[in-house]
Amino acid sequence: GGGHGVPAGIPVPPSSSVVAVPPPPVVSRRAYSLAIPTVSEVIVRKVLNKVRKTRNISSLRMLMSLPKGRARRSKHDDITATVVDLSGFVS
């Protein structure tokens, strides 16, 4: 090898073909909350908000801050939403 931090004996392509790939960005909690949600996340949030209103809980944050276990389970059960995009099968 030659340079680029590659051990000797390992072939290295010419410099023009070496491309540095940066690591994926670290996403802060705030940035993540501002990201565009998936369809399944929207469905889960809508259901949780309906539960929240039905149980007279002031905010979704309050509902989600309930400790896992009996306290939270008495308000809602686990929720999973799976969305299947079938648009590729429609002509």
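Predicted model: local features only at pLDDT ≥ 70, side-chain atom pairs only at ≥ 80, totals over all residues.

Visitor: Why is Arg-55 called partly exposed?

Guide: Buried means under 20% relative accessible area and exposed means over 50%, with partly exposed in between. The value for Arg-55 is 44%, so the residue is partly exposed.

Visitor: Where is the place of Arg-55 in the chain?

Guide: Arg-55 lies in the loop between helix 2 (39-54) and helix 3 (60-64). The chain has four helices and zero strands.

Visitor: Which residues does Arg-55 touch, not counting those up to four places away in sequence?

Guide: With that exclusion, Arg-55 touches Ser-74 and Lys-75. A contact means heavy atoms within 4.5 Å. As for His-76, 21 residues apart from Arg-55 along the chain, the C-alpha atoms of the two are separated by 9.4 Å.

Visitor: What makes up the largest nonpolar core?

Guide: Six residues form this core: Val-44, Leu-48, Val-51, Ile-57, Leu-60 and Leu-63. Helix 2 and helix 3 are the elements that give two or more residues to this core, and the largest share, three residues, comes from helix 2. Such a core is a set of buried residues of listed kinds, Val, Leu and Ile among them, joined through side-chain atoms within 4.5 Å.

Visitor: Which residues does Val-51 touch, leaving out those up to four places away in sequence?

Guide: Val-51 touches Leu-63, Lys-75 and His-76. Leu-63 is also one of the core residues. Over the chain, buried residues make up 10% of the 91 residues.

Technical notes
Residues numbered from 1 in each chain as written. Heavy atoms only, no water. Buried < 20%, exposed > 50% of the residue type's maximum accessible area, 1.4 Å probe, protein only.
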